[in-house]
Amino acid sequence: MKGMQTLDYMNFLTPYLAIDSNALMRNIHRMQEFSRRVDVNVRPHVKTHKCPKIAKLQVEAGAIGVTCAKLGEAEVMVRRGIHDILIANQVVDRSKLVRIAELAKVADMKISVDNPTNVQAISEAARYMSSSIGIIIEVDIGMGRCGIRSKEDAVSLVRLIKSLPGLRFAGLLGYEGHIVLVEPRSVRLENCTQANLKLVEVAEHLEKNGYKTGIVSGGGTGTYDMTGQYEGITEIEAGSYVFMDSCYAKLGLPFEQSLFLVSTVVSAPEQGVCVADCGLKTATSEFGYPEPAFLLTTRGGEKPALTQLSEEDIQVKILSEEHAILRISNPELGISVGDKILMIPSHICTTVNLYNEYHVFNSGSFVEKWTIEARGASY
Ligand SMILES: Cc1ncc(COP(=O)(O)O)c(C=O)c1O
């Protein structure tokens with residue numbers, strides 16, 4: 001929102017997602033500057049934006065490839081020319097594995113595993129398609145989700161991987177998702193150090209047994225710098241830094257909000273209350289309600305004016321399917337029907353998945369739309 005000159009935000013059907021392209025590029029470059037400074041690779045998680053255009057901007061800026069959550073995301077990325085892919089989740093269905101093996105004919109495909117049956121199934125799919133798939137062992141580093149629970153399990157999985165055709169042992173992956181929002185930063189750092197130690201200990205144990213690990217991936221947006229500087233971590237898999245959201249904004253990270261949910265005030269039924277046209281179908285709320293950030297007003301044909309909003313001015317109180325009910329604490333805002341409110345989503349990754357496209361703006365001028373091609377590709 002820096003250096004705003006024109007205000008094309010008025011001109012589109014709301015609710016929609018608006019990207020501030022300058023802020024987006026600053027976020028991408030800040031992550032890559034960090035990567036160069038501390039000598040760690042960045043493989044951004046595309047689950048956040050699900051958009052090959054943005055993935056390409058990240059790769060052009062220096063990312064070594066992308067991390068995907070799902071086969072569906074990987075297919076979109078490969079189709080659009082991104083050829084170094086790490087799927088950070090387990091994929092077990094044969095039909096999905098065959099599709100991954102097919103992608104592996106044109107792309108460097110890596111997939112996370114945590115059990116031997118899955119490793120065998122991946123080998124069969126790779127053999128069936130005559131391709132080769134990189135296997136990443138996921139290590140549980142405290143989140144209690146997927147991932148092997150002991151370093152001995154890593155050794156037996158690597159032995160199995162090396163004994164089967166169509167597979168390459170490509171490295172380890174951890175994700176400290178239970179820590180990324182911990183405050184204060186000093187406690188987050190302490191927790192993150194313990195989590196990374198678990199991951200690196202597995203890598204060292206494998207080395208002792210004669211196996212080179214290659215990739216050791218970790219890090220979310222809230223811990224990217226801690227994990228990125230941890231000895232033994234080779235790449236960062238953070239995703240949200242590219243857009244940010246109101247949860248991550250509270251951590252004081254060096255990334256800016258680059259994506260806004262633009263809504264229209266459709267009712268101002270009493271003093272201190274207005275209603276906007278976004279709701280549960282257009283903004284997720286598992287981490288809280290979206291936060292109003294800017295008010296865009298047009299008064300009697302005047303040039304539109306943009307006012308920055310704070311929590312003291314106005315707050316979302318309730319979301320129903322298609323409505324956001326807002327309490328206005330600052331009457332001087334003079335909010336009326338037809339005004340636009342630009343909001344910061346509370347959880348960017350799930351909100352993005354509700355939309356088909358981004359509207360991209362440069363200093364308030366509309367530039368173009370980008371399709372969220374992997375939207376809904378949750379298979
Ligand atoms: C496996 C994995 N890696 C990395 C991330 C990082 O995400 P973010 O940067 O959004 O914190 C996530 C988030 O869900 C994840 O599941």
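**Close-up 1. The shell around the ligand.** The residues of this shell divide into five nonpolar, seven polar and one charged. In this count, Ala, Val, Leu, Ile, Met, Phe, Trp, Tyr, Cys and Pro are nonpolar, Asp, Glu, Lys and Arg are charged, and the others, Gly among them, are polar. The ligand is surrounded by 13 residues, and the closest are Tyr175, Gly220, Thr221, Ala238 and Ser240. To be near a molecule or strand, a residue needs its C-beta atom, placed from the backbone, within 6 Å of it. A word on what you are looking at: this is a predicted model, in which local features need pLDDT of at least 70 and side-chain atom pairs count only at pLDDT 80 or more, while totals for chains, interfaces and linings use all residues. Residue numbers start from 1 along each chain as its sequence is written.

**Close-up 2. Helix H3 beside helix H4.** Two packed helices are described by the angle between their axes and the distance between the axes. For H3 (residues 71-79) and H4 (residues 94-103), the angle is about 25° and the axes are 11 Å apart. Helices (H or I, at least four residues) and strands (E, at least two) are DSSP runs, numbered from the N terminus. Axes are lines fitted to C-alpha atoms, for helices over the stretch in contact, and angles run from 0 to 180 degrees between N-to-C directions. H3 and H4 are therefore roughly parallel to each other. The words for angles work like this: under 35 degrees is roughly parallel, over 145 roughly antiparallel, 65 to 115 roughly perpendicular, and the rest oblique. H3 passes H4 in a left-handed crossing; a crossing is left-handed if the near helix is turned anticlockwise from the far one by less than a right angle, and right-handed if clockwise. On the H3 side, Leu71, Ala74, Glu75 and Val78 meet Lys96, Arg99, Ile100 and Leu103 of H4. This contact has five nonpolar, no polar and three charged residues. Two residues are in contact if their C-beta atoms, placed from the backbone, lie within 7 Å.

Close-up 3. Look for Leu71, Glu73, Ala74, Glu75, Val76, Met77 and Val78, the buried residues of H3. They pack against helix H2 (52-60), strand S3 (66-68), strand S4 (84-87) and H4. After H3 comes glycine 81, with a positive phi near 95°.

**Close-up 4. Helix H6 against helix H7.** H6 (residues 151-163) and H7 (residues 185-208) pack at an angle of about 50°, with axes 9 Å apart. That makes H6 oblique to H7. Their crossing is right-handed. Lys151, Ala154, Val155 and Val158 of H6 make the contact with Glu201, Val202, His205 and Leu206 of H7. Sorted by class, these are five nonpolar, one polar and two charged residues.

**Close-up 5. Isoleucine 122 in helix H5.** You can find isoleucine 122 in H5 (residues 116-129). With 26 other C-beta atoms within 10 Å, isoleucine 122 is buried. Leaving out residues up to four places away in sequence, isoleucine 122 touches Leu97, Ile111, Val113, Ile133, Ile135 and Leu167.

**Close-up 6. Histidine 323 in a loop.** Histidine 323 sits between strand S14 (314-319) and strand S15 (324-328). Its 17 C-beta neighbours inside 10 Å make histidine 323 partly exposed. Not counting residues up to four places away in sequence, histidine 323 touches Val275 and Gly279.

**Close-up 7. Backbone features to look for.** Most residues other than glycine have a negative phi, and most peptide bonds are trans. The bond from threonine 14 to proline 15 is cis, with omega near -5°, and proline 15 lies in the segment before strand S1 (16-20). Glutamate 183 and proline 184 are also joined by a cis peptide bond, with omega about 0°. Serine 130 is not a glycine, yet has a positive phi of about 50°; with 11 other C-beta atoms within 10 Å, serine 130 is exposed. Methionine 244 has a positive phi near 70°, and its 24 C-beta neighbours inside 10 Å make methionine 244 buried.

Conventions
Buried ≥ 20, exposed ≤ 12 C-beta atoms within 10 Å, placed from the backbone.
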